[in-house]
Amino acid sequence: MAQSSAALSASTKTLQQLNRRFSRLRALQRRLVLPPITQFTTSGIKFNLPLRTTARACQQLPQHTLEYLAGFFDGDGCVFGDVKQTSMLCVEQCSSGSPVLLLFRSAFGGSISGRGVRTGLQRPVLRWHVSGKRARDAASLLATVASCKRPQLIIAADWPQTFESRAHAAAELKRLKNVAPKSVLCPSWAYFAGFFDAEGCISMRFPSQICLIIVQKLPGILQALRDFLAGERIACQLSTTERGARLVIGATKVSKHVLCMLLSAGLRVKREAARTAVSMHRGSFQTARGDLAHCVGYQNRYKRLTAEGLLRSRSIGSLRSKLGNATDALHPSLQEELQQLRADHAWSCALERCALIRSDVRTMLAQGARQKHFNKGCDAVKAQHQVFLLEEHWLRFEAAQEAMACGYREGDRKLGAELLVKMSELNAKLGENMAALEAEVTRNVQLQMSSFREELQRRSRPGLAEELETKCSSLLKQAFVLKRQKQFHGWVQECQEQLRETRAHCDGLTASALSKVEALQEQEQRRWSGELDCRLGRCEGECQALLSDARQHLQASEERDQRAGAAELRERLVKVDERVGANEKGLQSQRVLIEQLTADFQALQDRLALTLRAHLQKK
């Protein structure tokens with residue numbers, strides 16, 4: 001009911017009124033502040049923020065993983081250098097890019113945290129950052145890959161220690177960020193996948209066209225990607241505009257081939273969007289376009305056409321082509337029809353935008369969004385603030401009214417069913433009463449007719465019986481009609497009173513149900529808080545008991561290990577003593593043998609001396 005009334009009121013609005021309403025709602029949306037992110041989910045696992053720094057150092061990564069990280073860092077990474085402290089590397093992504101941040105953290109260490117509050121359509125942003133020695137190690141690893149930020153990474157890897165050198169290095173970093181690199185290469189598909197995850201865009205166009213787009217401020221990296229694709233025999237277009245350079249792969253088959261290569265190379269952030277685009281065909285364009293809208297950001301949320309808008313745009317395009325080939329006679333009518341179609345299309349798009357932004361604002365208010373505080377010094381700012389407050393209260397009132405309408409619909413259905421049952425019972429009673437009344441009236445009429453006949457027969461007046469009979473029948477009919485009208489009015493009044501009573505009863509039941517629900521919610525919250533406190537106390541006691549048992553087991557195991565080690569040492573000492581005794585016995589026997597050999601040697605020397613003397617004497 002609320003939606004139908006809103007649609008009816010919107011149908012009477014002009015295009016200018018819808019645009020003004022959209023502008024006011026957009027301004028209100030930009031002023032809404034959502035609470036900061038406290039956790040994120042990846043692959044079904046929840047991580048609480050902030051995710052602290054890991055203790056392990058940088059790992060030796062596979063080459064394709066390192067190239068992917070280097071490409072992603074070239075797209076969304078940043079190198080900072082503090083004059084007073086040290087260098088730092090950071091990468092920022094929305095919550096959908098959390099797997100890449102976890103990959104950076106597991107590869108190079110560092111921590112992941114949320115980036116402040118968010119306003120309007122901003123998605124929750126996560127930030128991976130690493131500093132100190134880990135930042136220097138990560139920069140030295142990333143600098144091994146030929147990338148766009150390689151000169152900055154080399155400076156961060158060799159961050160100086162003195163104040164003057166750090167100031168010079170920080171100034172050099174600032175200069176390199178605004179200057180195109182001298183030589184940039186795209187080494188592999190893994191690097192391309194990382195850079196496309198950070199800066200790429202997948203676009204779908206009616207009826208089944210897929211287009212890949214990469215936009216950069218400086219054209220150096222896009223020229224390297226174009227050269228890499230040319231080496232792979234893939235056609236692309238590189239153009240330069242005032243806002244920067246733009247690399248486009250426009251052919252659908254070529255785009256699908258490139259997406260397949262990127263998926264095989266390890267595409268992570270845009271994996272679901274790439275799979276949706278690869279599996280899209282002419283018959284599934286609307287479904288694939290809707291799935292892709294959930295995977296991309298909110299930059300063109302209110303400019304993106306709906307399915308009906310696409311059909312209207314298609315009809316306008318066909319009419320334009322028909323107008324170009326039309327004769328002079330048909331030209332004015334087609335021109336008027338084209339203007340009418342354009343006006344209807346603009347009005348319908350404005351209406352759809354307003355409905356979408358209203359639902360977005362309601363969703364943000366339901367998530368706990370609040371308006372941003374500001375200085376209300378002047379009257380104009382105060383008036384604007386009041387307008388924003390009225391818009392917010394009106395949206396809250398419409399949401400509450402819609403919820404109440406849904407409740408009343410359910411209550412009206414129940415009330416209608418009860419009234420149908422009661423009406424059927426009343427109809428049954430009415431039928432019974434009418435049958436009894438008809439029987440009683442017929443009996444009375446028959447008795448009166450018999451008495452009249454007898455009286456007529458007595459008086460024997462001709463024509464009097466027929467006249468009396470007609471008068472009696474007319475009087476009976478009038479009396480019967482009057483009785484029926486009185487009974488019907490009474491029944492109607494009774495039904496109206498019962499309807500009022502049932503409505504009042506339903507209102508009382510809804511109020512009592514709401515109060516009971518609130519009381520139950522408070523009781524449940526208290527009960528759960530008490531149970532949680534009890535469970536926490538039990539868990540703490542159990543943890544302390546487990547810790548004490550673990551300590552006792554550790555002490556007992558240490559004592560057992562000490563005893564076993566002492567016994568083993570004694571056995572080893574005994575064995576060593578035995579071996580030493582055996583060695584001493586062997587040494588003594590060897591000493592005796594050596595003494596015998598020395599004695600024999602001396603005896604031989606004496607004999608030789610005697611023989612030599614005897615020989616000399618003989619000569």
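Which residues does L89 touch, not counting residues up to four places away in sequence? Please also describe the surroundings of this part.

A: This is a predicted model, in which local features need pLDDT of at least 70 and side-chain atom pairs count only at pLDDT 80 or more, while totals for chains, interfaces and linings use all residues. Residues are numbered from 1 along each chain as its sequence is written, and side-chain values use heavy atoms, with hydrogens and water left out.

Leaving aside residues up to four places away in sequence, L89 touches F73, C78, V79, W128, H129, V130, A135, A138, A139, L153 and A156. Contact here means heavy atoms within 4.5 Å. L89 belongs to the largest nonpolar core, which has 76 residues; together with F108, F192 and I202, L89 is among those that touch the most other members. A nonpolar core is a set of buried Ala, Val, Leu, Ile, Met, Phe, Trp, Tyr and Cys residues joined through side-chain atoms within 4.5 Å. Buried means under 20% relative accessible area, exposed over 50%, and partly exposed in between, with a 1.4 Å probe and protein chains only. Because domain 2 (49–177) and domain 3 (180–300) both give residues to this core, it lies between them. These domain bounds come from an automatic or database domain assignment. Apart from this core lies another, of 15 residues, including L18, F22, I357 and M364. In soluble globular proteins, nonpolar side chains tend to be buried together. In the chain, buried residues make up 29% of the 619 residues.

The helices come next. Helices (H or I, at least four residues) and strands (E, at least two) are DSSP runs, numbered from the N terminus. The axes of helix 3 (residues 63–76) and helix 8 come within 7 Å and cross at roughly 30°. Axes are lines fitted to C-alpha atoms, for helices over the stretch in contact, and angles run from 0 to 180 degrees between N-to-C directions. The crossing of helix 3 and helix 8 is right-handed; a crossing has this name if the near helix is turned clockwise from the far one, and is left-handed if the turn is anticlockwise by less than a right angle. Among the residues that make the contact are Y68 and F72 of helix 3, and Y191 and F195 of helix 8.

Four strands form an open sheet with the order 9-10-12-11 and antiparallel pairing. Two strands pair if DSSP finds at least two bridges between them. Strand 9 (200–205) and strand 11 (237–240) stand at the edges with a single partner strand each, so one side of each is left without a neighbour in the sheet. On average, neighbouring strands of this sheet are turned by 25° against each other, direction ignored. Strand 10 (residues 209–216) and strand 12 (residues 245–249) pair in the antiparallel sense over five bridges, and L212 stands opposite I249 in strand 12. Helix 8 (residues 189–199) packs on the sheet, where it touches strand 9 and strand 10, and its direction makes about 85° with that of strand 10.

R233 lies between helix 9 (220–231) and strand 11. R233 has a positive phi of about 60° although it is not a glycine, and at 82% relative accessibility it counts as exposed.
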